[in-house]
Amino acid sequence: MFRLKWVYHSVATLAVVVGAIVFAPFLAAAQNMKGMPGMAMPSDPAMNPLGVSMDRMGSGTTWIPDALAIPSVQFSAADWHLALHGFAFGQYDMQSGPRGGNQAGRAMLMATRAVAGGRFQARAMLSLDAATLRDGGYPLLLQTGETWKGKPLIDRQHPHDFWMELGLQYERELTRNVGFSVYVAPSGEPALGPVAFMHRPSAMDNPEAGIGHHWQDATHVSFGVVTAGIFSRRWKLEGSVFNGQEPDENRWNFDFHPLQSYSGRVTFNPDSSWSMSAGYGFIKEPEASDAGHSMHRTSIALQHSRRLRMAGQWATTLIWGANAHADEEGLSQSILAESEAILDERNTVFGRAEYVQKPAEDLGITGTALTAADHGRFGVSRLSLGYIREIGTFGAATIGLGAVGSVNFVPSALERTYGSSTPTGATLFVRLRARIVPQHDMHDMHNMERPK
Ligand SMILES: [Cu+2]
């Protein structure tokens, strides 16, 4: 039987809260002629150590290909260069079956300036998930990870903490070819895994998290991170010590614990279209409900980006991520392929395909169905496709109406639990973010900025 379980939410609350935090800066930008999206970067060489521009920054200390940047509104104030990334989603979520929302926005402010011959950046990324999500998160079939009311979340995506990122980064040239970087964050992302999904140009307009989140990029909110790295124009080698314990259910505070987890990652950007990274981490007792159980995580990611004609762009990411628990046999693996194409100023299409080997325990499976599990795990897949139509602009922002449909594939042993071997889901949403400026306009702006 196909039964829709609607989760209602106060759209008014969402509009007011998200509006206050995300709209206000866009409105300010609209008043300010300097606040244009995608404005030229500052020309001080210290601001681009070894030619690595700010546009290459993903989440935490990750890199994305140079060809595309996350859309932003940029200002300058005194010696600071300010960039604001804002994404607001209002969503209505339906998932099928007996197990069958809404989401808020996030805003990121990056303030950068030259300090002592290098680039200093303060970053704050705030998430309003906690204010607008109910019952431990938004419905997402097959999603697992973190807890709600002391119980593991199943078929739900957990809300992100308000302080998604609060960190400082300093990068400076050491020689003509090598530079060093230091990142310190009370809340931030260690050098582990790919760029977090919300910062990937291949997923930025997709309101849904991947079901392999806790196999790939879930450490992006870690309360206590110190990362040091060396880099050249094309590669970066980093190591982190961090607190690997997942955030608790109180999404408004900082959950500090000793920095007993560690990770290392190598990233390579061979040219402007590609970025690849591989990393490994030891995560000390990630789940509070599972004390004494630590984990090893390995991941490889490949990103490709290119500009299309006019304001179009196309980004694709492939990720392999695996977890190994000391007390479990073998690896549990995950694979993700996702792509987003902004075809022109009006139309965006995106999609994601995933396969994850999930422990039966994570999915809450007990009883006879367990005998069908391979090493206690079930291989599950999810395919989703989405489309966004931009319906208007607001200052430097664009507003789009979108929909995502998904089909999940579960083994026959889980058919009774999910009501089908192919349970489905759909999400309707409104999305607001900074507009992308067509390339020819960017060139005009660069020409205006640069002294002849
Ligand atoms: Cu997350």
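Start by selecting leucine 50, which sits in the loop between α1 (11-31) and β1 (73-77). Helices (H or I, at least four residues) and strands (E, at least two) are DSSP runs, numbered from the N terminus. The model is predicted, so local features need pLDDT of at least 70, side-chain atom pairs count only at pLDDT 80 or more, and totals for chains, interfaces and linings use all residues. Residues are numbered from 1 along each chain as its sequence is written, and side-chain values use heavy atoms, with hydrogens and water left out.

**Stop 1: two positive phi values**

Stay on leucine 50. Its phi is near 55 degrees, a positive value in a residue other than glycine. Most residues other than glycine have a negative phi. Leucine 50 counts as buried because its relative accessibility is 10%. Buried means under 20% relative accessible area, exposed over 50%, and partly exposed in between (1.4 Å probe, protein chains only).

Now pick alanine 78. This residue lies in the loop between β1 and β2 (80-95). Alanine 78 is not a glycine, yet has a positive phi of about 50 degrees. Is alanine 78 buried or exposed? Alanine 78 counts as exposed, because its relative accessibility is 79%.

**Stop 2: the whole chain**

Zoom out. The protein chain holds 5 helices and 19 strands. Of its 452 residues, 54% are buried. The chain exposes about 18,300 Å², and carbon and sulfur atoms supply 61% of that area. Accessible areas come from the Shrake-Rupley method with a 1.4 Å probe; for residues, only the protein chains shown count as cover.

**Stop 3**

Histidine 160 and histidine 220 link distant parts of the chain, 60 residues apart. Histidine 160 is in the loop between β6 (151-157) and β7 (163-173). Histidine 220 is in the loop between α3 (213-216) and β9 (225-231). Both of these histidines are buried.

**Stop 3: serine 127 and its strand**

From His160, step to serine 127. Serine 127 touches His160, along with Gly105, Arg106, Asp161, Phe162 and Met164, not counting residues up to four places away in sequence. Contact means heavy atoms within 4.5 Å. Serine 127 is in strand β4 (residues 118-127). With 2% relative accessibility, serine 127 counts as buried. A polar atom of its side chain lies 3.2 Å from the backbone nitrogen of aspartate 129.

Show β4 with its partners. Strand β3 (residues 105-115) pairs with β4 in the antiparallel sense over 10 bridges. Two strands pair if DSSP finds at least two bridges between them. Arginine 106 stands opposite serine 127. β3 and β4 form a hairpin with 2 residues between them. In its turn, alanine 116 has a positive phi of about 45 degrees. β4 also pairs with β7, antiparallel over 9 bridges. There, alanine 124 stands opposite leucine 166 in β7.

**Stop 5**

Move to alanine 373, in the loop between β16 (347-359) and β17. Alanine 373 is buried, with a relative accessible area of 17%. Its C-alpha atom is separated by 9.8 Å from that of leucine 414, 41 residues apart along the chain.

Next, follow β17 into strand β18 (residues 397-409). These two run antiparallel, joined by 13 bridges. Phenylalanine 394 has alanine 397 in β18 as its bridge partner. The β17 and β18 hairpin has 2 residues between the strands, and glycine 395 takes a positive phi near 60 degrees. β18 then pairs with strand β19 (residues 424-434), antiparallel over 11 bridges. Threonine 398 has arginine 433 in β19 as its bridge partner.

**Stop 4: the nonpolar cores**

Finish inside. A nonpolar core is a set of buried Ala, Val, Leu, Ile, Met, Phe, Trp, Tyr and Cys residues joined through side-chain atoms within 4.5 Å. The largest has 15 residues; Leu142, Leu363, Ile365, Phe378, Val380, Leu414 and Tyr418 touch the most other members. The elements giving two or more residues to this core are β5 (138-148) and β17 (377-394). Another core, of 14 residues, lies apart from it, with Met108, Met125, Phe197 and Met198 among its members.

Terms used:
A polar contact is a pair of N or O atoms within 3.5 Å; within protein, one must be able to donate a hydrogen and the other to accept it, and residues adjacent in sequence count only if both atoms are side-chain atoms.
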